[in-house]
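Here are a few notes to read alongside the model. Have a look at it first, then go through the points in order.

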Amino acid sequence: MSQRVSKSRNVCPHCGQFARVRYSEQITPLYREGVVECQNAECGWRGSFSMEFTATLTPSQQPAPGIKLPLKASVRRALLAQLNCAAS
């Protein structure tokens, strides 16, 4: 069985090389902050990042009571279109 490999990589904004997450902290269930550092020894850049979940693309089958993420507009339209077709 093969493992799925993520193609998402953090890139240094200066030299374009790989920037490794040094550490991160979950601030809320929807928000994380941390520090990244460029792995290019000739560059040496370090910086902070923040990550936030902003929308739902596929609703959870086990939704957490306190999490209120809106459906992405295009997903909402598609679901409404499906409901309208099913009602016809």
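**Notes on the sheet and its salt bridges**

1. Let's start with a strand pair: S1 and strand S2 (residues 31-38) run antiparallel and are joined by eight bridges. Strands are DSSP runs of E of at least two residues, helices are runs of H or I of at least four, and both are numbered from the N terminus; two strands pair if DSSP finds at least two bridges between them.

2. A word on the basis: this is a predicted model, where local features need pLDDT of at least 70 and side-chain atom pairs count only at pLDDT 80 or more, while totals for chains, interfaces and linings use all residues. Residues are numbered from 1 along each chain as its sequence is written, and side-chain values use heavy atoms, with hydrogens and water left out.

3. Stepping back, the open sheet has three strands in the order S1-S2-S3, with antiparallel pairing. Strand S1 (19-28) and strand S3 (46-52) are the edges, each pairing on one side only.

4. Now the charges. Glu37 makes a salt bridge with Arg20, their closest N and O atoms 2.9 Å apart (a salt bridge is a side-chain nitrogen of Lys or Arg within 4 Å of a carboxyl oxygen of Asp or Glu). Glu37 sits in strand S2 and Arg20 in strand S1, so this pair ties together parts 17 residues apart in sequence.

5. Glu37 also bridges to Arg22 at 3.8 Å and to Arg46 at 3.7 Å, N to O.
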